[in-house]
Amino acid sequence: MSYAGDVSPTDAWQGLSQDPKAVLIDVRTQPEWNFVGIPDLRSLGKKTGFVCWQVYPQMQIDPEFVAKVEQLTGGDTSAPLYFICRSGARSRSAAQALTAAGYGKCFNVAGGFEGDVDGHGHRGTTNGWKASNLPWVQQ
């Protein structure tokens, strides 16, 4: 499956700040949002959309995922959609699913929110939203 491509967190931030129709969709699970933190788009006058790609704790793909994103976006298939997860794997699958559903500008935020594991076994230090020093908050 194809999609519009991978973008860095800073490129996603730029796209979100420049296009009023652009939406950031966090596809992680509720526990991740609660315990790890979430992107903070308040300075852009926007809110992050939250739609789980996989349902916790079974982690099966949500069969209603596309419908939930369509509800979130109002069905505007021309709006740029930036998908983010922990490291970029689930969000890539989400971007592919929405592209298959007719959305033309679906991007995967490479590195995700936390990024890859560093040499000490920690995330959030080598790449991703947090390591790029983009705004985020703990719930």
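What follows goes from the overall build to a few individual residues.

First, the ground rules. This is a predicted model, where local features need pLDDT of at least 70, side-chain atom pairs count only at pLDDT 80 or more, and totals for chains, interfaces and linings use all residues. Residues are numbered from 1 along each chain as its sequence is written, and side-chain values use heavy atoms, with hydrogens and water left out.

**Overall build**

The chain carries four helices and nine strands, taken as DSSP runs (helices H or I, at least four residues; strands E, at least two) and numbered from the N terminus. Their order along the sequence is β-α-β-α-β-β-β-β-α-β-α-β-β. The radius of gyration, taken over C-alpha atoms, is 14 Å, close to the 14 Å from the globule rule for 139 residues, so the chain is as compact as a globular protein of that length; that rule is 2.2 Å times the number of residues to the power 0.38. The C-alpha trace spans about 40 × 35 × 30 Å along its principal axes.

Of the 139 residues, 45% are buried, where buried means under 20% relative accessible area, exposed over 50%, and partly exposed in between (1.4 Å probe, protein chains only). Among contacts (heavy atoms within 4.5 Å) with a separation of 6 or more, 67% link residues 24 or more positions apart.

| Residue | Relative accessibility |
|---|---|
| Asn108 | 0% |
| Cys85 | 1% |
| Asp62 | 8% |

Asn108 sits in strand β8 (residues 106–109). What does its side chain reach?

Asp62 belongs to the loop between β6 (60–61) and α3 (65–73). Setting aside residues up to four places away, Asp62 touches Cys52, Trp53, Gln54, Val55 and Lys68.

**Cysteines**

How many disulfides turn up? Zero, across the whole structure, with a disulfide being a pair of cysteine sulfur atoms within 2.5 Å.
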